[in-house]
Amino acid sequence: MPSIETILSQMSSVAKPQRKFLLTLLNALMYLPSRVNFRNLGRYTDCNEKTFSRWFSRPFDFLAFNLLILKDVLHSNGERIAAIDASFVPKSGRKSHGLDWFWNGSQGRTQRGQELSLLAMVDVTDNTAYALSASQTPALPRSTCKGQSQPTKAVATTTKTRHKTKHTPFVGPPLPTRIDSYLGHLQHHIKALLGCDIRYLVADSFYAKTKFVSGVRELNLHLISKLRQDADLRWLYTGAQKPKGRHRQYSGKVSFDDLSRFERVGELDGQRVYTATVNSPAFKRTLRIVYLVREDNGKTASALLFSTDTDCPALDILRYYKARFQIEFLFRDAKQHTGLCDCQATRKEKLDFHFNASLTALNLLRLQDHLKAGGNGRRVISIASGKIRQFNAHLLERFSRHLKLDFSAIKSSQAFADLCNYGAIAA
């Protein structure tokens with residue numbers, strides 16, 4: 001992997017002062033042992049905390065930077081898909097941008113805070129995800145907050161007179177939803193995804209909505225997601241057609257109590273895999289569905305996956321959906337190690353910069369750990385060990401600078417590598 005300085009020099013839109021700042025920031029995020037805020041960044045670097053506050057409001061193309069550091073991954077022969085998901089970010093105060101009520105999966109309830117939408121690339125071959133772009137979910141209008149239903153296109157206003165009440169319909173544009181925000185995030189970066197030869201976008205069951213499915217198909221991507229067990233699906237009619245009149249299209253509703261009309265693909269990890277091509281009245285399109293059945297201790301568990309690409313093999317749909325879970329590790333590692341939830345700024349520009357910088361530093365740590373694994377087949381990535389190595393190297397450099405020692409000679413010795421691994425966790 002090229003150095004951070006080499007990659008920044010390839011970006012013509014980045015001036016030398018910003019290049020110097022980003023080099024300091026990304027290196028600091030990779031070893032900072034405490035909370036990632038402006039004060040701590042100033043303590044562990046040569047920049048003042050006001051310098052960090054000022055530069056965080058400047059725009060930077062993190063997507064282009066991430067694509068450059070992932071060049072080796074993109075040029076490999078592995079399978080790649082895109083994944084999208086959102087995560088809750090706790091935030092105190094009242095003045096921060098985007099404060100609203102969002103679902104917090106770790107607590108199992110809705111809480112007031114911020115939400116982060118992440119678009120990631122998943123290397124299915126190595127079973128590893130890398131962040132591409134993060135976008136903060138904007139707050140909804142007050143009428144749609146706290147789980148309140150959105151008004152329909154026609155909103156009735158009441159006018160009281162002396163003898164009767166008159167209802168005057170008011171027709172206006174529909175209020176934006178969070179699905180619109182997620183689609184806007186995807187539309188903004190669709191050219192980069194298509195340029196990486198990515199055909200499939202994988203998302204969890206929350207995104208299995210008509211507006212999102214149609215929006216993804218309009219962007220020339222196929223969606224793989226999960227349906228409810230009671231989803232309304234219809235069999236496609238394949239029998240003989242009558243010579244006159246409209247041809248018959250469907251032959252009854254899909255029932256999962258009778259699997260005789262499904263094609264059994266095989267058994268994988270103790271679960272039977274069935275597939276079929278059916279029609280969805282809600283999505284108004286034909287889908288390839290994959291039905292999974294597992295029997296354990298006399299109990300039967302099942303799951304229903306789907307893909308808008310009817311030619312995609314059932315086992316590939318299953319592999320891609322399982323690989324989607326790697327995006328959850330991005331949220332976990334960024335929150336634990338690179339300070340995703342530590343930003344104390346309140347402005348939108350600074351928050352977006354902080355979220356993307358945190359996830360970009362995580363990409364750098366993941367790539368470094370991947371390169372250290374070499375060709376030994378190790379698939380476990382330890383971000384904690386990577387941060388310990390980075391901090392030990394930073395500390396040795398500070399010691400040599402203050403003691404006026406030749407750091408280049410220290411760095412080339414075998415003892416330097418041993419000291420950098422001091423305290424690292426074997427993974």
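Buried residues make up 45% of the 427 residues in this chain. Buried here means under 20% relative accessible area, exposed means over 50%, and partly exposed lies in between, with a 1.4 Å probe and protein chains only. This is a predicted model: local features need pLDDT of at least 70, side-chain atom pairs count only at pLDDT 80 or more, and totals for chains, interfaces and linings use all residues. Residues are numbered from 1 along each chain as its sequence is written, and side-chain values use heavy atoms, without hydrogens and water.

Next, the secondary structure. The chain has 15 helices and 14 strands. These are DSSP runs, numbered from the N terminus: helices are H or I with at least four residues, strands are E with at least two.

Now take helix H2, residues 16-29. Which of its residues are buried? They are Gln18, Phe21, Leu22, Leu25, Leu26, Ala28 and Leu29. Seen down the axis of H2, they fall within an arc of 155°, so they line one face of the helix. That arc is taken from the directions from the helix axis to the C-beta atoms. Why one face? An α-helix has 3.6 residues a turn, so residues three or four places apart point the same way. On the other side of H2, Lys16 and Lys20 are exposed.

Last stop: serine 400. Serine 400 sits in helix H13, residues 383-402. Buried or exposed? Serine 400 counts as buried, because its relative accessibility is 3%. Leaving aside neighbours within four places in sequence, serine 400 is in contact (heavy atoms within 4.5 Å) with Leu405, Phe407 and Ile410.

Conventions. The expected span of a helix is 1.5 Å times one less than its number of residues.
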